[in-house]
Amino acid sequence: METNNLTKLTSWQKLETHYKQIKDKHLRDLFNEQPERGLKFTVNSIGLFMDYSKHRITGETLDLLFNLADELELVEKRDAMFRGDKINKTENRAVLHTALRAPKDAKILVDGKDVVPEVHAVLNKMANFSNRVRNGEWKGYTGKRIKNIINIGIGGSDLGPVMAYEALKYYTPRDMTFHFVSNVDGTDFAESVYSLDPEETLFIISSKTFTTLETMTNAQTAREWTLKKLKDEKAIAKHFVAVSTNEKEVTKFGIDTANMFEFWDWVGGRYSMDSAIGLSTMIAIGPENFNELLSGFHQMDEHFKTAPLEQNMPVLMGLLSVWYNNFFGAQTVAVLPYEQYLHRFPAYLQQLTMESNGKHITLDGMITEYQTGPIFWGEPGTNGQHSFYQLIHQGTKIIPCDFIAFRQSLNPLGNHHDILIANVIAQGEALAFGKTPEEVKAEGTPDWLVPHRTFEGNRPSTTIFADKLTPEVLGKLVALYEHSVFTQGIIWGIDSFDQWGVELGKVLAKRIIPQLTDLKTKLDHDSSTNNLIKHYRKGL
(Lines give C-alpha, C1' and ligand atoms only; values in the text may rest on other atoms or scores of the structure.)
Protein backbone atom coordinates (compact mmCIF):
# COMPACT_ATOMS: atom_id res chain seq x y z
CA MET A 1 0.00 0.00 0.00
CA GLU A 2 1.21 3.49 -0.83
CA THR A 3 2.12 6.15 1.68
CA ASN A 4 0.75 9.66 1.45
CA ASN A 5 2.74 12.79 0.68
CA LEU A 6 2.15 15.11 3.68
CA THR A 7 5.85 15.20 4.48
CA LYS A 8 6.62 16.17 0.89
CA LEU A 9 4.63 19.39 1.09
CA THR A 10 6.63 22.61 0.92
CA SER A 11 5.05 23.90 4.14
CA TRP A 12 5.94 20.66 5.97
CA GLN A 13 9.53 20.71 4.79
CA LYS A 14 9.89 24.32 5.90
CA LEU A 15 8.65 23.29 9.32
CA GLU A 16 11.25 20.51 9.43
CA THR A 17 14.01 23.01 8.64
CA HIS A 18 12.66 25.43 11.24
CA TYR A 19 12.40 22.68 13.85
CA LYS A 20 16.11 21.87 13.44
CA GLN A 21 16.90 25.54 14.01
CA ILE A 22 14.93 25.98 17.25
CA LYS A 23 14.60 22.50 18.74
CA ASP A 24 17.34 23.18 21.31
CA LYS A 25 16.11 26.66 22.14
CA HIS A 26 15.12 26.95 25.78
CA LEU A 27 11.99 28.72 26.95
CA ARG A 28 14.21 30.81 29.23
CA ASP A 29 15.92 32.20 26.13
CA LEU A 30 12.66 32.68 24.27
CA PHE A 31 11.27 34.77 27.13
CA ASN A 32 14.54 36.71 27.49
CA GLU A 33 14.52 37.51 23.78
CA GLN A 34 10.82 38.38 23.80
CA PRO A 35 9.82 39.47 27.31
CA GLU A 36 6.31 40.37 26.16
CA ARG A 37 5.53 36.90 24.78
CA GLY A 38 3.41 36.24 27.88
CA LEU A 39 1.10 38.95 26.55
CA LYS A 40 1.53 38.22 22.85
CA PHE A 41 0.83 34.49 22.73
CA THR A 42 -2.62 34.60 24.32
CA VAL A 43 -6.23 34.51 23.19
CA ASN A 44 -9.01 36.09 25.24
CA SER A 45 -12.34 35.32 23.62
CA ILE A 46 -15.87 34.04 24.40
CA GLY A 47 -15.11 33.90 28.12
CA LEU A 48 -11.95 31.80 27.88
CA PHE A 49 -8.39 33.03 28.35
CA MET A 50 -5.77 30.82 26.72
CA ASP A 51 -2.06 31.39 27.39
CA TYR A 52 0.13 29.40 25.00
CA SER A 53 3.29 31.46 25.53
CA LYS A 54 5.04 28.60 27.34
CA HIS A 55 5.41 26.61 24.14
CA ARG A 56 8.63 26.03 22.25
CA ILE A 57 7.58 28.25 19.39
CA THR A 58 8.27 31.62 17.85
CA GLY A 59 6.16 33.81 15.64
CA GLU A 60 7.81 32.09 12.69
CA THR A 61 6.72 28.68 14.00
CA LEU A 62 3.11 29.82 14.02
CA ASP A 63 3.35 31.35 10.57
CA LEU A 64 4.71 28.07 9.20
CA LEU A 65 1.98 26.07 10.93
CA PHE A 66 -0.65 28.41 9.49
CA ASN A 67 0.92 27.94 6.05
CA LEU A 68 0.61 24.19 6.51
CA ALA A 69 -3.05 24.61 7.46
CA ASP A 70 -3.60 26.77 4.38
CA GLU A 71 -1.88 24.29 2.07
CA LEU A 72 -4.12 21.52 3.42
CA GLU A 73 -7.24 23.71 3.06
CA LEU A 74 -8.22 23.64 6.73
CA VAL A 75 -10.63 26.56 6.37
CA GLU A 76 -12.34 25.07 3.33
CA LYS A 77 -12.72 21.68 5.02
CA ARG A 78 -13.96 23.29 8.22
CA ASP A 79 -16.64 25.09 6.21
CA ALA A 80 -17.57 21.81 4.50
CA MET A 81 -18.21 20.23 7.91
CA PHE A 82 -20.44 23.09 9.03
CA ARG A 83 -22.31 22.95 5.69
CA GLY A 84 -23.22 19.31 6.21
CA ASP A 85 -21.04 17.87 3.45
CA LYS A 86 -20.36 14.15 3.87
CA ILE A 87 -16.83 14.49 5.16
CA ASN A 88 -16.96 11.12 6.97
CA LYS A 89 -15.87 9.40 3.78
CA THR A 90 -15.63 5.78 4.95
CA GLU A 91 -19.25 5.83 6.19
CA ASN A 92 -20.52 8.36 3.64
CA ARG A 93 -22.00 10.55 6.36
CA ALA A 94 -22.20 14.20 7.24
CA VAL A 95 -20.54 15.27 10.49
CA LEU A 96 -22.97 17.63 12.15
CA HIS A 97 -22.60 17.55 15.91
CA THR A 98 -22.54 21.33 15.50
CA ALA A 99 -26.20 21.16 14.43
CA LEU A 100 -27.11 19.77 17.85
CA ARG A 101 -26.45 23.19 19.38
CA ALA A 102 -27.52 25.41 16.50
CA PRO A 103 -30.17 28.07 17.29
CA LYS A 104 -33.73 27.57 16.08
CA ASP A 105 -33.36 30.07 13.26
CA ALA A 106 -30.33 28.29 11.77
CA LYS A 107 -30.65 26.26 8.59
CA ILE A 108 -28.44 23.21 8.06
CA LEU A 109 -29.12 20.82 5.22
CA VAL A 110 -28.42 17.09 5.07
CA ASP A 111 -29.40 15.54 1.74
CA GLY A 112 -31.48 18.63 1.06
CA LYS A 113 -33.38 18.48 4.37
CA ASP A 114 -33.07 21.10 7.11
CA VAL A 115 -32.20 19.15 10.28
CA VAL A 116 -32.50 22.03 12.75
CA PRO A 117 -36.28 21.68 13.31
CA GLU A 118 -35.80 17.98 14.12
CA VAL A 119 -33.04 18.81 16.60
CA HIS A 120 -35.19 21.30 18.45
CA ALA A 121 -38.21 18.98 18.40
CA VAL A 122 -36.15 16.36 20.25
CA LEU A 123 -34.78 18.98 22.66
CA ASN A 124 -38.33 20.11 23.45
CA LYS A 125 -39.40 16.51 24.02
CA MET A 126 -36.41 16.00 26.32
CA ALA A 127 -37.21 19.18 28.24
CA ASN A 128 -40.83 18.18 28.76
CA PHE A 129 -39.85 14.75 30.02
CA SER A 130 -37.05 16.09 32.21
CA ASN A 131 -39.36 18.58 33.88
CA ARG A 132 -41.94 15.87 34.57
CA VAL A 133 -39.32 13.67 36.24
CA ARG A 134 -37.76 16.55 38.18
CA ASN A 135 -41.06 17.92 39.53
CA GLY A 136 -42.43 14.49 40.43
CA GLU A 137 -45.19 14.42 37.81
CA TRP A 138 -43.66 11.31 36.20
CA LYS A 139 -44.11 8.53 38.73
CA GLY A 140 -43.11 4.91 38.85
CA TYR A 141 -45.51 2.01 38.36
CA THR A 142 -46.60 1.95 42.01
CA GLY A 143 -47.09 5.72 42.17
CA LYS A 144 -43.83 6.54 43.91
CA ARG A 145 -41.73 9.49 42.82
CA ILE A 146 -38.60 8.74 40.77
CA LYS A 147 -35.53 9.44 42.88
CA ASN A 148 -32.86 7.46 41.02
CA ILE A 149 -31.79 7.84 37.40
CA ILE A 150 -29.53 5.18 35.87
CA ASN A 151 -28.07 5.77 32.41
CA ILE A 152 -27.08 2.52 30.68
CA GLY A 153 -24.78 2.95 27.70
CA ILE A 154 -21.18 2.55 26.68
CA GLY A 155 -18.56 4.65 24.89
CA GLY A 156 -20.04 7.96 23.83
CA SER A 157 -23.38 6.95 25.33
CA ASP A 158 -21.72 6.80 28.75
CA LEU A 159 -18.56 8.90 28.84
CA GLY A 160 -20.27 12.15 27.85
CA PRO A 161 -23.20 11.85 30.27
CA VAL A 162 -21.09 10.73 33.24
CA MET A 163 -18.49 13.43 32.63
CA ALA A 164 -21.17 16.11 32.28
CA TYR A 165 -22.95 14.95 35.43
CA GLU A 166 -19.76 14.98 37.49
CA ALA A 167 -18.65 18.31 36.00
CA LEU A 168 -21.99 19.98 36.69
CA LYS A 169 -22.91 18.21 39.91
CA TYR A 170 -23.02 21.59 41.66
CA TYR A 171 -26.16 22.37 39.61
CA THR A 172 -28.01 19.11 40.36
CA PRO A 173 -30.78 18.37 42.89
CA ARG A 174 -29.45 16.48 45.87
CA ASP A 175 -32.69 14.60 46.55
CA MET A 176 -32.05 12.55 43.41
CA THR A 177 -29.21 10.15 42.64
CA PHE A 178 -27.63 9.57 39.24
CA HIS A 179 -25.74 6.45 38.25
CA PHE A 180 -24.03 5.39 35.04
CA VAL A 181 -23.63 1.75 34.06
CA SER A 182 -21.41 0.91 31.10
CA ASN A 183 -19.14 -2.02 31.85
CA VAL A 184 -20.51 -5.47 31.03
CA ASP A 185 -18.72 -6.59 34.20
CA GLY A 186 -21.67 -7.42 36.46
CA THR A 187 -20.06 -5.51 39.31
CA ASP A 188 -20.83 -2.22 37.57
CA PHE A 189 -24.57 -2.89 37.59
CA ALA A 190 -24.66 -4.61 40.98
CA GLU A 191 -22.92 -1.75 42.79
CA SER A 192 -25.00 0.91 41.02
CA VAL A 193 -28.33 -0.55 42.19
CA TYR A 194 -27.09 -1.92 45.52
CA SER A 195 -29.18 0.28 47.81
CA LEU A 196 -31.85 1.42 45.34
CA ASP A 197 -35.56 0.69 45.22
CA PRO A 198 -36.88 -0.36 41.78
CA GLU A 199 -40.13 1.51 42.54
CA GLU A 200 -38.14 4.78 42.59
CA THR A 201 -35.70 4.05 39.77
CA LEU A 202 -35.77 5.10 36.12
CA PHE A 203 -33.42 3.57 33.54
CA ILE A 204 -32.32 5.40 30.40
CA ILE A 205 -31.14 2.84 27.82
CA SER A 206 -28.84 4.63 25.39
CA SER A 207 -28.09 2.69 22.24
CA LYS A 208 -28.68 3.96 18.72
CA THR A 209 -29.32 0.46 17.35
CA PHE A 210 -30.62 -1.03 20.62
CA THR A 211 -28.38 -4.01 19.87
CA THR A 212 -25.05 -2.99 21.45
CA LEU A 213 -23.91 -6.11 23.32
CA GLU A 214 -22.72 -4.50 26.56
CA THR A 215 -25.60 -2.03 26.77
CA MET A 216 -28.34 -4.53 26.04
CA THR A 217 -26.84 -7.09 28.42
CA ASN A 218 -27.01 -4.50 31.20
CA ALA A 219 -30.47 -3.40 30.03
CA GLN A 220 -31.84 -6.94 30.26
CA THR A 221 -30.35 -7.29 33.73
CA ALA A 222 -31.99 -4.00 34.71
CA ARG A 223 -35.28 -5.29 33.33
CA GLU A 224 -35.03 -8.48 35.40
CA TRP A 225 -34.03 -6.50 38.51
CA THR A 226 -37.08 -4.26 38.10
CA LEU A 227 -39.56 -7.08 37.45
CA LYS A 228 -38.23 -9.13 40.37
CA LYS A 229 -39.99 -6.63 42.64
CA LEU A 230 -42.67 -5.08 40.45
CA LYS A 231 -43.76 -8.39 38.83
CA ASP A 232 -45.92 -6.84 36.11
CA GLU A 233 -44.49 -6.42 32.58
CA LYS A 234 -46.48 -3.19 32.29
CA ALA A 235 -44.11 -1.67 34.88
CA ILE A 236 -41.32 -1.53 32.28
CA ALA A 237 -42.94 1.39 30.46
CA LYS A 238 -42.88 3.47 33.66
CA HIS A 239 -39.30 2.68 34.61
CA PHE A 240 -37.49 2.59 31.25
CA VAL A 241 -37.02 5.09 28.44
CA ALA A 242 -34.82 4.76 25.36
CA VAL A 243 -32.37 6.91 23.48
CA SER A 244 -32.41 5.06 20.18
CA THR A 245 -33.63 4.94 16.59
CA ASN A 246 -34.77 1.30 16.57
CA GLU A 247 -38.51 1.44 17.29
CA LYS A 248 -38.99 -2.29 16.77
CA GLU A 249 -36.44 -3.36 19.40
CA VAL A 250 -37.48 -0.61 21.81
CA THR A 251 -41.09 -1.78 21.62
CA LYS A 252 -40.05 -5.41 21.99
CA PHE A 253 -38.20 -4.49 25.19
CA GLY A 254 -41.39 -3.01 26.62
CA ILE A 255 -40.64 0.69 26.31
CA ASP A 256 -43.36 2.99 24.99
CA THR A 257 -41.99 4.57 21.79
CA ALA A 258 -43.53 7.84 22.99
CA ASN A 259 -40.61 7.75 25.43
CA MET A 260 -37.99 7.06 22.80
CA PHE A 261 -35.64 9.97 22.13
CA GLU A 262 -34.08 10.12 18.69
CA PHE A 263 -30.70 11.08 17.30
CA TRP A 264 -29.18 10.72 13.87
CA ASP A 265 -26.44 8.96 11.91
CA TRP A 266 -24.68 12.29 11.33
CA VAL A 267 -23.92 12.37 15.07
CA GLY A 268 -20.96 10.23 16.08
CA GLY A 269 -21.17 8.58 19.50
CA ARG A 270 -18.25 10.52 20.97
CA TYR A 271 -19.78 13.77 19.71
CA SER A 272 -23.27 13.07 21.07
CA MET A 273 -23.36 14.32 24.66
CA ASP A 274 -25.43 17.35 23.57
CA SER A 275 -27.96 15.17 21.70
CA ALA A 276 -30.64 12.95 23.24
CA ILE A 277 -27.72 11.00 24.71
CA GLY A 278 -27.61 13.92 27.16
CA LEU A 279 -31.08 13.12 28.53
CA SER A 280 -29.63 12.12 31.91
CA THR A 281 -27.66 15.37 31.90
CA MET A 282 -30.80 17.39 31.25
CA ILE A 283 -32.69 15.63 34.04
CA ALA A 284 -29.75 16.27 36.35
CA ILE A 285 -29.19 19.97 35.66
CA GLY A 286 -32.57 20.98 34.23
CA PRO A 287 -33.52 22.14 30.71
CA GLU A 288 -32.46 25.76 31.33
CA ASN A 289 -28.94 24.77 32.33
CA PHE A 290 -28.81 22.27 29.46
CA ASN A 291 -29.63 25.13 27.08
CA GLU A 292 -26.73 27.06 28.61
CA LEU A 293 -24.50 24.05 27.91
CA LEU A 294 -25.64 24.09 24.28
CA SER A 295 -25.00 27.82 24.13
CA GLY A 296 -21.41 27.26 25.22
CA PHE A 297 -20.92 24.67 22.51
CA HIS A 298 -22.38 27.00 19.91
CA GLN A 299 -20.23 29.94 20.97
CA MET A 300 -17.10 27.84 20.45
CA ASP A 301 -18.48 26.61 17.11
CA GLU A 302 -18.85 30.21 15.98
CA HIS A 303 -15.41 31.10 17.28
CA PHE A 304 -13.86 28.19 15.37
CA LYS A 305 -15.81 29.14 12.26
CA THR A 306 -15.07 32.87 12.25
CA ALA A 307 -11.94 33.75 14.26
CA PRO A 308 -8.75 34.32 12.24
CA LEU A 309 -6.32 31.43 12.57
CA GLU A 310 -3.89 33.39 14.73
CA GLN A 311 -6.66 34.02 17.29
CA ASN A 312 -8.53 30.74 16.85
CA MET A 313 -8.23 28.60 19.98
CA PRO A 314 -9.06 25.18 18.48
CA VAL A 315 -6.79 25.82 15.50
CA LEU A 316 -3.90 26.89 17.73
CA MET A 317 -4.40 23.92 20.04
CA GLY A 318 -4.60 21.50 17.12
CA LEU A 319 -1.57 22.87 15.30
CA LEU A 320 0.52 22.87 18.48
CA SER A 321 -0.40 19.22 18.97
CA VAL A 322 0.88 18.47 15.46
CA TRP A 323 4.04 20.46 16.19
CA TYR A 324 4.93 18.35 19.23
CA ASN A 325 3.61 15.04 17.94
CA ASN A 326 5.33 15.14 14.56
CA PHE A 327 8.44 17.21 15.10
CA PHE A 328 9.43 16.76 18.75
CA GLY A 329 8.20 13.17 18.86
CA ALA A 330 5.93 13.75 21.85
CA GLN A 331 3.54 10.81 22.12
CA THR A 332 1.15 11.98 24.83
CA VAL A 333 -0.77 15.04 26.02
CA ALA A 334 -1.62 15.56 29.70
CA VAL A 335 -4.90 17.32 30.48
CA LEU A 336 -4.76 18.66 34.03
CA PRO A 337 -7.93 20.38 35.28
CA TYR A 338 -7.51 22.27 38.55
CA GLU A 339 -11.16 21.73 39.39
CA GLN A 340 -12.35 18.61 41.19
CA TYR A 341 -15.68 18.61 39.34
CA LEU A 342 -13.72 17.94 36.11
CA HIS A 343 -12.16 14.74 37.41
CA ARG A 344 -13.75 12.73 34.55
CA PHE A 345 -12.86 15.26 31.85
CA PRO A 346 -9.55 13.60 30.85
CA ALA A 347 -11.30 10.22 30.54
CA TYR A 348 -13.93 11.81 28.31
CA LEU A 349 -11.23 13.36 26.14
CA GLN A 350 -9.54 9.99 25.74
CA GLN A 351 -12.39 8.73 23.60
CA LEU A 352 -12.91 12.04 21.81
CA THR A 353 -9.27 12.33 20.79
CA MET A 354 -7.97 8.77 20.54
CA GLU A 355 -10.99 7.17 18.87
CA SER A 356 -11.09 10.09 16.44
CA ASN A 357 -7.43 10.32 15.45
CA GLY A 358 -6.06 6.89 16.31
CA LYS A 359 -5.72 6.01 12.61
CA HIS A 360 -2.82 5.06 10.34
CA ILE A 361 -4.73 5.09 7.03
CA THR A 362 -5.49 8.35 5.25
CA LEU A 363 -8.74 9.34 3.59
CA ASP A 364 -7.13 8.27 0.32
CA GLY A 365 -6.50 4.78 1.68
CA MET A 366 -2.75 5.21 2.06
CA ILE A 367 -0.52 4.38 5.04
CA THR A 368 0.78 7.39 6.93
CA GLU A 369 4.54 7.71 7.25
CA TYR A 370 4.20 9.88 10.33
CA GLN A 371 2.63 9.67 13.78
CA THR A 372 -1.04 10.60 14.15
CA GLY A 373 -3.15 10.78 17.31
CA PRO A 374 -1.26 11.19 20.59
CA ILE A 375 -2.32 9.49 23.82
CA PHE A 376 -4.43 11.71 26.10
CA TRP A 377 -4.41 11.24 29.85
CA GLY A 378 -4.56 13.21 33.07
CA GLU A 379 -6.00 13.77 36.54
CA PRO A 380 -7.16 16.80 38.49
CA GLY A 381 -4.67 19.04 40.25
CA THR A 382 -3.37 19.10 42.86
CA ASN A 383 -3.66 15.31 43.18
CA GLY A 384 -1.55 14.67 40.10
CA GLN A 385 1.30 16.75 41.52
CA HIS A 386 1.81 14.07 44.14
CA SER A 387 1.86 11.19 41.66
CA PHE A 388 2.90 11.55 38.01
CA TYR A 389 4.14 15.15 37.80
CA GLN A 390 7.60 13.86 38.74
CA LEU A 391 7.85 12.26 35.30
CA ILE A 392 6.60 15.39 33.55
CA HIS A 393 9.20 17.55 35.32
CA GLN A 394 12.28 15.34 35.31
CA GLY A 395 11.49 12.36 33.10
CA THR A 396 12.93 11.63 29.69
CA LYS A 397 9.74 12.30 27.73
CA ILE A 398 8.30 15.57 26.46
CA ILE A 399 4.68 15.77 27.61
CA PRO A 400 2.80 18.90 26.54
CA CYS A 401 0.32 19.84 29.26
CA ASP A 402 -3.06 21.55 29.16
CA PHE A 403 -3.83 23.24 32.48
CA ILE A 404 -7.48 24.23 33.03
CA ALA A 405 -8.41 26.55 35.88
CA PHE A 406 -11.12 28.91 37.10
CA ARG A 407 -10.87 32.29 38.77
CA GLN A 408 -13.80 31.56 41.07
CA SER A 409 -14.56 28.46 43.11
CA LEU A 410 -18.07 27.02 43.21
CA ASN A 411 -17.36 25.97 46.79
CA PRO A 412 -15.27 28.75 48.41
CA LEU A 413 -13.69 27.55 51.63
CA GLY A 414 -11.09 29.70 53.38
CA ASN A 415 -8.02 30.10 51.20
CA HIS A 416 -8.39 26.73 49.44
CA HIS A 417 -8.91 28.30 46.03
CA ASP A 418 -5.93 30.64 46.28
CA ILE A 419 -3.73 27.64 47.11
CA LEU A 420 -5.20 25.69 44.19
CA ILE A 421 -4.63 28.51 41.68
CA ALA A 422 -1.16 29.26 43.00
CA ASN A 423 -0.30 25.64 42.28
CA VAL A 424 -1.58 25.61 38.72
CA ILE A 425 0.31 28.81 37.87
CA ALA A 426 3.44 27.56 39.62
CA GLN A 427 3.39 24.26 37.74
CA GLY A 428 3.37 26.02 34.39
CA GLU A 429 6.24 28.25 35.50
CA ALA A 430 8.28 25.34 36.86
CA LEU A 431 7.78 23.24 33.75
CA ALA A 432 8.82 26.08 31.48
CA PHE A 433 11.81 27.53 33.32
CA GLY A 434 12.95 24.78 35.66
CA LYS A 435 15.84 25.32 38.03
CA THR A 436 19.45 25.57 36.87
CA PRO A 437 22.41 23.87 38.58
CA GLU A 438 23.67 27.32 39.52
CA GLU A 439 20.40 28.16 41.23
CA VAL A 440 20.45 24.86 43.08
CA LYS A 441 24.06 25.40 44.23
CA ALA A 442 23.22 28.91 45.42
CA GLU A 443 20.79 27.33 47.88
CA GLY A 444 23.69 25.54 49.54
CA THR A 445 23.01 22.14 48.00
CA PRO A 446 26.00 19.73 48.13
CA ASP A 447 27.60 19.13 44.73
CA TRP A 448 26.66 15.46 44.66
CA LEU A 449 22.97 16.33 45.13
CA VAL A 450 22.84 19.16 42.60
CA PRO A 451 21.98 16.99 39.53
CA HIS A 452 19.08 15.42 41.38
CA ARG A 453 17.59 18.77 42.33
CA THR A 454 18.10 20.41 38.95
CA PHE A 455 15.03 20.91 36.79
CA GLU A 456 15.75 21.11 33.09
CA GLY A 457 12.56 23.01 32.33
CA ASN A 458 11.67 23.66 28.69
CA ARG A 459 8.53 21.56 29.16
CA PRO A 460 5.63 23.06 27.17
CA SER A 461 2.18 23.86 28.49
CA THR A 462 -1.02 25.76 27.75
CA THR A 463 -3.08 27.37 30.52
CA ILE A 464 -6.79 27.95 30.01
CA PHE A 465 -8.71 30.14 32.45
CA ALA A 466 -12.45 30.76 32.75
CA ASP A 467 -14.28 32.70 35.45
CA LYS A 468 -16.03 29.67 36.95
CA LEU A 469 -17.28 26.26 35.91
CA THR A 470 -20.78 26.71 34.51
CA PRO A 471 -22.77 24.63 32.00
CA GLU A 472 -21.91 27.22 29.35
CA VAL A 473 -18.19 27.03 30.07
CA LEU A 474 -18.24 23.23 29.99
CA GLY A 475 -19.80 23.39 26.53
CA LYS A 476 -17.03 25.72 25.38
CA LEU A 477 -14.30 23.44 26.72
CA VAL A 478 -15.71 20.30 25.11
CA ALA A 479 -16.18 22.03 21.75
CA LEU A 480 -12.64 23.44 22.00
CA TYR A 481 -11.24 19.93 22.05
CA GLU A 482 -13.70 18.68 19.42
CA HIS A 483 -12.50 21.26 16.92
CA SER A 484 -8.86 20.78 17.89
CA VAL A 485 -9.30 17.10 17.03
CA PHE A 486 -10.79 18.12 13.68
CA THR A 487 -7.84 20.43 12.99
CA GLN A 488 -5.34 17.65 13.68
CA GLY A 489 -7.26 15.20 11.52
CA ILE A 490 -7.19 17.59 8.57
CA ILE A 491 -3.43 18.00 8.87
CA TRP A 492 -2.88 14.24 9.06
CA GLY A 493 -5.33 13.55 6.24
CA ILE A 494 -7.35 11.00 8.23
CA ASP A 495 -11.06 10.47 8.85
CA SER A 496 -11.58 11.68 12.41
CA PHE A 497 -15.20 10.52 12.45
CA ASP A 498 -15.18 6.76 11.87
CA GLN A 499 -14.03 4.10 14.34
CA TRP A 500 -13.50 0.83 12.51
CA GLY A 501 -10.80 -0.08 15.00
CA VAL A 502 -13.37 -0.96 17.68
CA GLU A 503 -15.17 -3.52 15.52
CA LEU A 504 -12.80 -6.50 15.26
CA GLY A 505 -12.59 -7.20 18.99
CA LYS A 506 -16.40 -7.05 19.25
CA VAL A 507 -16.82 -9.58 16.42
CA LEU A 508 -14.31 -11.98 17.94
CA ALA A 509 -15.88 -11.65 21.39
CA LYS A 510 -19.28 -12.73 20.03
CA ARG A 511 -17.61 -15.81 18.57
CA ILE A 512 -15.84 -16.66 21.84
CA ILE A 513 -18.80 -16.14 24.21
CA PRO A 514 -20.52 -19.51 23.48
CA GLN A 515 -17.16 -21.30 23.41
CA LEU A 516 -16.53 -20.40 27.04
CA THR A 517 -19.36 -22.59 28.32
CA ASP A 518 -19.91 -25.17 25.55
CA LEU A 519 -17.19 -27.65 26.40
CA LYS A 520 -17.90 -29.69 23.27
CA THR A 521 -17.07 -26.84 20.92
CA LYS A 522 -13.88 -27.42 18.97
CA LEU A 523 -11.50 -24.51 19.49
CA ASP A 524 -9.85 -23.25 16.32
CA HIS A 525 -8.04 -20.11 17.47
CA ASP A 526 -4.30 -19.69 17.91
CA SER A 527 -2.65 -21.70 20.69
CA SER A 528 -2.68 -18.78 23.13
CA THR A 529 -6.36 -17.97 22.66
CA ASN A 530 -7.35 -21.65 22.82
CA ASN A 531 -5.39 -22.10 26.04
CA LEU A 532 -6.95 -19.03 27.66
CA ILE A 533 -10.44 -20.33 26.88
CA LYS A 534 -9.53 -23.74 28.35
CA HIS A 535 -8.12 -22.07 31.47
CA TYR A 536 -11.37 -20.13 31.95
CA ARG A 537 -13.44 -23.30 31.53
CA LYS A 538 -11.62 -24.91 34.45
CA GLY A 539 -13.21 -22.38 36.79
CA LEU A 540 -16.77 -23.22 35.75
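## Helix H1

The expected span of a helix is 1.5 Å times one less than its number of residues. Helices here are DSSP runs of H or I with at least four residues, and strands are E runs of at least two, numbered from the N terminus. Helix H1 covers residues 10-22. Its 13 residues should span 18 Å, and its end C-alpha atoms are 19 Å apart, which agrees.

This is a predicted model: local features need pLDDT of at least 70, side-chain atom pairs count only at pLDDT 80 or more, and totals for chains, interfaces and linings use all residues. Residues are numbered from 1 along each chain as its sequence is written, and side-chain values use heavy atoms, without hydrogens and water.

Buried means under 20% relative accessible area, exposed over 50%, and partly exposed in between (1.4 Å probe, protein chains only). The buried residues of H1 are Ser11, Trp12, Leu15, His18, Tyr19 and Ile22. They cover an arc of only 120° around the axis, so they sit on the same side of H1. The arc is taken from the directions from the helix axis to the C-beta atoms. Lys20 and Gln21 are exposed, on the face turned away from the buried side.

The buried residues pack against helices H4 (59-71), H14 (313-328) and H20. Contact means heavy atoms within 4.5 Å.

## Serine 275

Serine 275 lies in the loop between strand S9 (260-261) and helix H12 (279-285). Serine 275 is buried, at a relative accessible area of 2%. Not counting residues up to four places away in sequence, serine 275 touches Leu100, Met126, Phe263 and Phe290.
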